[in-house]
Amino acid sequence: MSQCPFANLLSLDTYQNGMPYEELARIRAQGSMMYMEDPENGVPYWAVVKRDALDFVSQNPDLFSSNLQGAFPMEVHESEKEIQAIMQENIIISMDPPKHMKYRKIVRDAFTPKAVNNMETWLRQSARAIIDRVASKGECEFVEDVAAELPLMAILELLGVPQEDRKQFFEWTNIMAFADDPDLATSRDEANTVSFEVMGYAAELAAKQRANPTSQVVEALLNGEVDGQKVTEEMFAWMFILIMVGGNESTRTATAHGMRLLMEHPDQLQHLVDHPEDIADAVEEMLRYNTAFIAMRRTATQDIEWNGYNIKKGDKVVLHYHAVNHDEDVFGDDAMKFDIHRAKKMPTLRREMRAFGIGEHFCLGMNLARMELNIIFEELIPRIRNPKFAGDVTYMRSFFINTIKSMPITFDPVSA
């Protein structure tokens, strides 16, 4: 096959300066999916870049497995095969039916609407404290000082982890999620080592919670059953890691990009200052425009013909959520424009976008994420006035999570 004239969507270099919106539009213009070479990893793949294809793949787990090669889009080295096999067996995003739904139910029952709604007052108080710490300074490094704080605090609170361990978990989750970024980890081996450190912490937490339950979420996880058997200590630890990383990194990413987009569109930021009742609509557009997770992997279980595309058994299929959430056939000719008023023009926006996926792997933390985002921007927008970039916006080296690494800003200082 001749060299593809398009950027490799599984190359770390493709995302080094942020999301390549124009390149994704070029690929999307070719059709719902494209068969692409990956010269860096040696395994070609189908890039799913429009919503009709993403929905077809996501809603047919019998045809497209999360488990055969795992749900993470990267290829692993021979030395990592053992840890990959363990993760495929124990992480629910890499499980297929019927096993997936059995374990998903345990996590779902832990994150009940009541458990999430009961956090609203605490979340708002925490958000105000976060803004208090920076408001009078007139400057901050927005990612670590603001965006990362509330999601991490919320997850620690839900899991019964002391808040004083927050800095440690910030570092741990960064290393686990961004093992390919040399600023955070020396190698994937370091990320694997950290994963086992976190599992050790989870085991200690489980013992403490069994003796003195303080977290309804942990209690529900520990008491969960699959086929009449209680969740093992090992499975609890893997659930703990998934909840910690997923719930922390995703909302942190959405918060940072949301602020970046508002600063790049000061007229829209001013509208929210004047009309805070529209913040919820703005959050939906933030989630659509810069989705936290870039890509997930599936593997074809058989030969499949769909809309003229011939997918072979064993083919690697990569779901690209960013490309899909800018699909012009769904969101119109202005799909690549950031517009906080889109939800009013398109009342179906919330259910049309795929920021939280679709199908049986639909994100369980959706309601918590939306609540956190609404609260942090409701507290932030009235008080962080006239924000300006105070340095380069830098991005994590990742084709998996679309995270801003650093975003220094200045603003008009106000009293706490």
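This is a predicted model: local features need pLDDT of at least 70, side-chain atom pairs count only at pLDDT 80 or more; totals for chains, interfaces and linings use all residues.
Guide: Residues are numbered from 1 along each chain as its sequence is written, and side-chain values use heavy atoms, with hydrogens and water left out.

Visitor: Why are H8 and H12 called roughly antiparallel?

Guide: The axes of H8 (residues 149-159) and H12 (residues 233-264) cross at roughly 155° and come within 8 Å; angles over 145 degrees count as roughly antiparallel, under 35 as roughly parallel, 65 to 115 as roughly perpendicular and the rest as oblique, and H8 and H12 are therefore roughly antiparallel.

Visitor: Which residues of H8 meet H12?

Guide: With contact meaning heavy atoms within 4.5 Å, Pro151, Leu152, Ile155, Leu156 and Leu159 in H8 meet residues of H12 including Phe240, Ile243 and Met244. By class, this contact of H8 with H12 has eight nonpolar, three polar and one charged residues.

Visitor: What makes H8 largely enclosed by the rest of the structure?

Guide: Buried means under 20% relative accessible area, exposed over 50% and partly exposed in between, with a 1.4 Å probe and protein chains only; 10 of the 11 residues of H8 are buried, so H8 is largely enclosed. Among the buried residues are Glu149, Leu150 and Met153.

Visitor: Why does lysine 81 count as partly exposed?

Guide: Lysine 81, which lies in helix H3 (residues 81-90), has 35% relative accessibility and therefore counts as partly exposed.

Conventions. Helices (H or I, at least four residues) and strands (E, at least two) are DSSP runs, numbered from the N terminus. Axes are lines fitted to C-alpha atoms, for helices over the stretch in contact, and angles run from 0 to 180 degrees between N-to-C directions. Ala, Val, Leu, Ile, Met, Phe, Trp, Tyr, Cys and Pro count as nonpolar, Asp, Glu, Lys and Arg as charged, and the others, Gly among them, as polar.
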